[in-house]
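Q: I have a structure open and I'd like to go through a few parts of it. Can we start with the terms?

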Amino acid sequence: SESLVSKPEEVYQIFEPFMDFVFRRELFMSELHQRKLGYHAPRRFHLDLARDSENRLEEFLGKLAQLSRKELRADLRITLADDNAVDMFGVLRGIYAAAGDDLRRGKCRSFSTQDDGTIYFSPNCYASPESAARDFKALGRLVGLSIIHTRENVLLPAALALTLFKIVLGIPVSLDDLARMQPSIANSIRQMSLMDPTDFNELELTFQVDAADSTTYDLMPNGQLHATDINRNIYLKTLVGFYLGRLLPLNEFVLGVQDVCPRELLCVFTPAMLQMMVCGLPKFTANELRENSVV
């Protein structure tokens with residue numbers, strides 16, 4: 001009913017355990033449409049891009065960073081230079097496919113492929129947090145646009161990590177999330193948590209970590225502080241937080257998504273649902289299935 005749709009957070013709390021994905025999506029789209037009317041957003045907004053680009057991801061993110069909230073919340077269409085084709089979401093889907101390909105190839109330094117093949121924030125971001133903040137917000141906008149265009153099947157085929165969507169929904173992340181993306185690092189942390197106090201002290205660790213780019217980062221202001229059995233729990237928590245990016249401007253990514261679709265409307269979805277809406281379902285070839293199947 002209209003009264004229920006006007007208070008989506010109450011609907012979600014009452015019916016959330018019983019709603020299938022299609023119902024959740026339609027409820028979300030209905031409320032989003034009502035919000036658009038309230039925002040007085042333009043019905044349609046055209047974004048100009050070059051016909052050919054060596055790095056479509058960088059170009060697209062740069063353009064999205066310049067748009068206002070009203071423009072982002074309109075039905076986005078792409079206009080390519082020297083091309084008179086009318087975009088009925090086909091061009092937009094093509095731009096997203098190219099951006100996803102660039103993301104997988106590592107053309108944006110702020111994101112990297114994890115051990116499980118998913119894409120997450122790169123530890124390299126600690127070296128340039130201001131640049132990372134811009135990239136995070138732009139990627140958030142990219143994700144948000146994919147969500148509001150879910151009916152048009154505008155996908156970002158880049159296998160974004162499930163942890164990213166937990167962050168969007170405000171769900172706490174933990175060692176289990178790190179174990180999915182980087183199991184070897186998570187196993188090392190678990191082993192250190194189980195070590196005998198004497199053995200742990202003999203490791204002579206400090207509150208510092210060496211990143212993949214051979215740069216040493218402090219886990220706390222006094223990084224030279226030795227990690228002992230007394231402060232072991234604090235050390236391991238800060239270490240997990242480092243790899244999950246807790247010291248990075250993750251709020252910029254969330255704000256980027258919120259620029260396109262309000263966070264309170266997204267709470268109807270689970271992280272896995274949002275991941276599916278943005279990245280689509282994984283596709284496997286027959287050979288891949290044979291190689292990874294045990295009969």
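A: Helices (H or I, at least four residues) and strands (E, at least two) are DSSP runs, numbered from the N terminus. This is a predicted model: local features need pLDDT of at least 70, side-chain atom pairs count only at pLDDT 80 or more, and totals for chains, interfaces and linings use all residues. Residues are numbered from 1 along each chain as its sequence is written, and side-chain values use heavy atoms, with hydrogens and water left out.

Q: ok, where is Lys63 found?
A: Lys63 is in helix H4.

Q: and what does Lys63 contact, leaving aside neighbours within four places in sequence?
A: Lys63 is in contact with Leu47, Asp48 and Leu49. Contact means heavy atoms within 4.5 Å.

Q: how far apart are Lys63 and Asp48 in space?
A: From C-alpha to C-alpha they are 8.5 Å apart, and in sequence Lys63 and Asp48 are 15 residues apart.

Q: is Lys63 buried or exposed, or partly exposed?
A: Lys63 is partly exposed, at a relative accessible area of 29%. Buried means under 20% relative accessible area, exposed over 50%, and partly exposed in between (1.4 Å probe, protein chains only).

Q: what about Arg56, which helix is that in?
A: Arg56 lies in H4, which covers residues 56–65. Arg56 is buried, with a relative accessible area of 7%.

Q: what does Arg56 touch?
A: Not counting residues up to four places away in sequence, Arg56 touches Leu49, Ala50, Arg51, Ile95, Ala98, Ala99 and Asp102.

Q: new topic. where does Ser110 lie?
A: Ser110 sits in the loop between helix H6 (90–104) and strand E3 (111–113). Ser110 is buried, with a relative accessible area of 4%.

Q: which side chain has a polar contact with the one of Ser110?
A: That of Asp135, at 2.6 Å. A polar contact is a pair of N or O atoms within 3.5 Å; within protein, one must be able to donate a hydrogen and the other to accept it, and residues adjacent in sequence count only if both atoms are side-chain atoms.

Q: last one, helix H15. which residues of H15 are buried?
A: H15 spans residues 271–279, and its buried residues are Pro271, Met273, Leu274, Met277, Val278 and Cys279.

Q: and what comes just after H15?
A: Gly280, which takes a positive phi of about 80°.
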